[in-house]
Amino acid sequence: MLSDPVIKFEKVWKKYSKQQVLNNSLRDELVSVITGRKCREELAEGEFWALRDISFNVNRGECIGLYGPNGSGKSTILKLISNVTYPTKGDIIVQGRVAPLIELGAGMHPDLTGIENIYMNGTILGSSISELKRRIGEVVEFSGLDDFINVPVKKYSSGMYLRLAFSIAVHSSADIFLFDEVLAVGDEDFQSKCLKRLATIRAHNGTILVVSHDNAALHRICDNILNLEHGTVLQGESI
Amino acid sequence: MDSSVFKRLYAYKDLLLVFIWREFLIRYKQTAIGVIWAILQPVSLMLLFTFIFGVVLQTTQKNYPYTLFYFAGVLPWTFFSGATNFAVTSLSGNFNLVTKIYFPREIIPLSGVAINFIDYLIGLAVYFLFLLFYSVPLTWNFLWLIPLLIMMVLYTTSVSLLLAALNVYYRDVKLASTFLLQFLFFATPVIYSIDAVDNRWKMLLFLNPLTFIVENMRRVTIEGRGIVLWQLAAELAGILIFYFVIYRIFIRIERAFADVI
């Protein structure tokens, strides 16, 4: 069971454009819709490779860290796993439901209360309404927001906001969790609670990918670390 | 026809529900009169048109009571313009969701169609009160409203998806759509009747599916007459083809939205 790869990247390349106005992209896109042709694989003017020839596997229940400077392709990998974008070349296999916590609270609305946002954000992360109804007590308790849970989140402090977002995220019933720079949430108490929660997720066979600049923190929680630079994997750490 | 479209929407039906529910909550939060706005908007437009065309300009519209005539036209129009207006910026405005999390992108514009349809139904209930007030006889021909509503929703959905997708690529679409909606308002017989139009222009106006929908909504409710079947078949076929073409293209290009938005 434990050696099933739940995420498999095989020779993945991803191209991005630097240009603001994409005069060609829509035309290309429409042409490829009509002719069924794949998009061009070579670089055109103003384009660059965000990922070059990335291959790795992640097994069920593993915790993998992605480490590297800005622009090394960490977030692009998470976006590819969560199906937000697609690879230019190569194959990606992802098995199971993904909870992409790429930015905490991306789906929060300031005018809605904590409870309302739990439903909003929870369904965005792939939970069903009935699942959320069952879990709502747990989420509220974990966030430690008490009476503030019925207050619009625009009245929250930034710490409270992040705590709520994190609680929603880690209580989602996904199989794969993606965290982007979200380890530094809340005070020390809340942080240790978070680390415990990560351990629980793994104990239930959840797979975790963490992106961070903080190498020491990654070493503390991850089984393996993928070192990225300029869109390639350094040191060839095989996972 | 394309079952995968409905399958993937079905898998995300809870998200669609939550989006609709969210829009409803946001719209009426911190408002004093809440849902009454849904009635106030079309009713005030109807009163305005009645005043201008009935009292000031003293035009006659097929001997229908003015209020019924304008209300029947205003309701589909506010639905169409409300939904498409919402849709244009629905994807580009939610770029923080679109670039971070995957879900079928049509859910956001569709939630706009849905909330505007709820408003429409509330307006329709008020319209029926007006029909009662003018003691218009209720006939079986009212059932023609059902295919008309389906056509109205399908057409509005197609235009909404098209505008939402195009605005991801070109923000010009937002600017153009405001102007196009004004244009389309006059190309739809909301404040006039198609019978007053010269035959040469009639065919041109019927290229706009809203013309057919508005005219026949008046016909089946106020006059209690049925729809001409071949006209219904032709319009329905046109709308269905438009819908499936747009939806297909939308699904094909949606995976690139996160990269270009």
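Mentor: A:Arg202 counts as partly exposed in this predicted model, at 24% relative accessibility. Partly exposed lies between buried (under 20% relative accessible area) and exposed (over 50%), with a 1.4 Å probe and protein chains only. The partner is A:Asp223, whose salt bridge with A:Arg202 has its closest N and O atoms 2.7 Å apart. A:Arg202 sits in helix H6 (residues 188–203) of chain A, and A:Asp223 in the loop between helix H7 (215–221) and strand S8 (224–229), so the pair ties together parts 21 residues apart in sequence. A:Asp223 is partly exposed too, at 41%.

A salt bridge here puts a side-chain nitrogen of Lys or Arg within 4 Å of a carboxyl oxygen of Asp or Glu. Helices (H or I, at least four residues) and strands (E, at least two) are DSSP runs, numbered from the N terminus. Residues count from 1 along each chain as written, and chains are lettered from A and ligands numbered from 1 in written order. Local features need pLDDT of at least 70, side-chain atom pairs 80 or more, while totals for chains, interfaces and linings use all residues; side-chain values use heavy atoms, without hydrogens or water.

Now cross the chains. B:Asp259 pairs with A:Lys14, the closest N and O atoms being 2.8 Å apart. B:Asp259 lies in helix H13 (residues 257–260) of chain B and A:Lys14 in strand S1 (residues 5–17) of chain A, so this pair joins two chains. A:Lys14 is buried, at 1%. B:Asp259 is partly exposed, at 24%.

A:Glu10 bridges to A:Lys8, with 3.9 Å between the closest N and O atoms. A:Glu10 is partly exposed at 40%, and A:Lys8 at 28%. Over all chains, the search finds 10 salt bridges.
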